[in-house]
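Dear colleague,

Please find below the structure that I am handing over to you.

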Amino acid sequence: MPRLISQAAEFEGWSLELTEPRYTVGRSDDNDICLPHASISSHHAEMILEEGDYKIIDLNSTNGTRLNDERITDAKLRNADLLMIGHILLSYESENVLDAPPLPDVSGTFVIGQARGRPADFKNLSPVTRKVQQEAHVNLLTIVAGVLALGAIGFYAFKFLTA
């Protein structure tokens, strides 16, 4: 049987077995599940039983509803989900456990490491060719050498004039 268990200090030890087909959740006393906390809207959410588990629908609440740390408007609850209504964290437990997804088909084979070099249809899409890169490297070296030469000339001129 599904149930909600409080993980919040404000409602420590609180848990509820879910037996009805529909629940309203909110801060007001007229809700089926009343959680009196300032972060929870008066009529915050609705829970509807579907195929053994509940679907939660946010009713345009102020602080929202989060499922496993993602804000949702409606979502199906699954075993071990963490549900945050306002700022109150609840865990959802259910006896319905999802089957693992099927493994991918591995009937084909793929051999790694046989091909060497570039494929025949390989095209370099870079706008900068290797020749342009080498020319830029040479130009940079020329500029650095020029700056160093001017610095050395300036240094010796300064020494000569101040001596």
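A search of the whole structure, which is a predicted model, finds 2 aromatic pairs. Rings of Phe, Tyr and Trp (its six-membered ring) count as a pair if their centres lie within 6.5 Å; planes under 30 degrees apart are called stacked, over 60 edge-to-face, and the rest tilted. The rings of Y23 and Y54 have centres 5.9 Å apart and planes at 55 degrees, so this pair is tilted. Y23 belongs to strand β3 (residues 22–26) and Y54 to strand β6 (residues 53–58), so the pair ties together parts that are 31 residues apart in sequence. Strands (E, at least two residues) and helices (H or I, at least four) are DSSP runs, numbered from the N terminus. Both Y23 and Y54 are buried, where buried means under 20% relative accessible area, exposed over 50%, and partly exposed in between (1.4 Å probe, protein chains only).

In the other pair, the ring centres of F155 and Y156 are 5.5 Å apart and the planes stand at 70 degrees, so the arrangement is edge-to-face. F155 is partly exposed, with a relative accessible area of 45%, and Y156 is exposed, at 58%.

The residues and numbers follow a few conventions. Residues are numbered from 1 along each chain as its sequence is written, and side-chain values use heavy atoms, with hydrogens and water left out. As the model is predicted, local features need pLDDT of at least 70 and side-chain atom pairs count only at pLDDT 80 or more, while totals for chains, interfaces and linings use all residues.

Two strands pair if DSSP finds at least two bridges between them. β3 and strand β5 (residues 45–50) are antiparallel partners over 4 bridges, with R22 opposite I48 in β5. β5 is in turn joined to β6 by 6 bridges, and these two strands also run antiparallel. There, E50 stands opposite D53 in β6. The hairpin of β5 and β6 has 2 residues between the strands, and E51 takes a positive phi near 55 degrees in it.

Which strands form the open sheet, and in what order? The sheet has 6 strands, in the order β2-β1-β11-β10-β7-β8, with antiparallel pairing. β2 (15–17) and β8 (70–72) stand at the edges with a single partner strand each, so one side of each is left without a neighbour in the sheet. From one strand to the next, the twist averages 25 degrees; such angles run from 0 to 180 degrees between N-to-C directions, with axes fitted to C-alpha atoms, for helices over the stretch in contact.

Within this sheet, strand β1 (residues 3–6) pairs with β2 over 3 bridges, and L4 has L16 in β2 as its bridge partner. Strand β7 (residues 65–67) pairs with β10 over 3 bridges, where T65 stands opposite I85. I85 also has a bridge partner in β11, namely I88. In the hairpin of β10 and β11, G86 takes a positive phi near 65 degrees.

Overall, the protein contains 1 helix and 11 strands, and 26% of its 163 residues count as buried.

With kind regards
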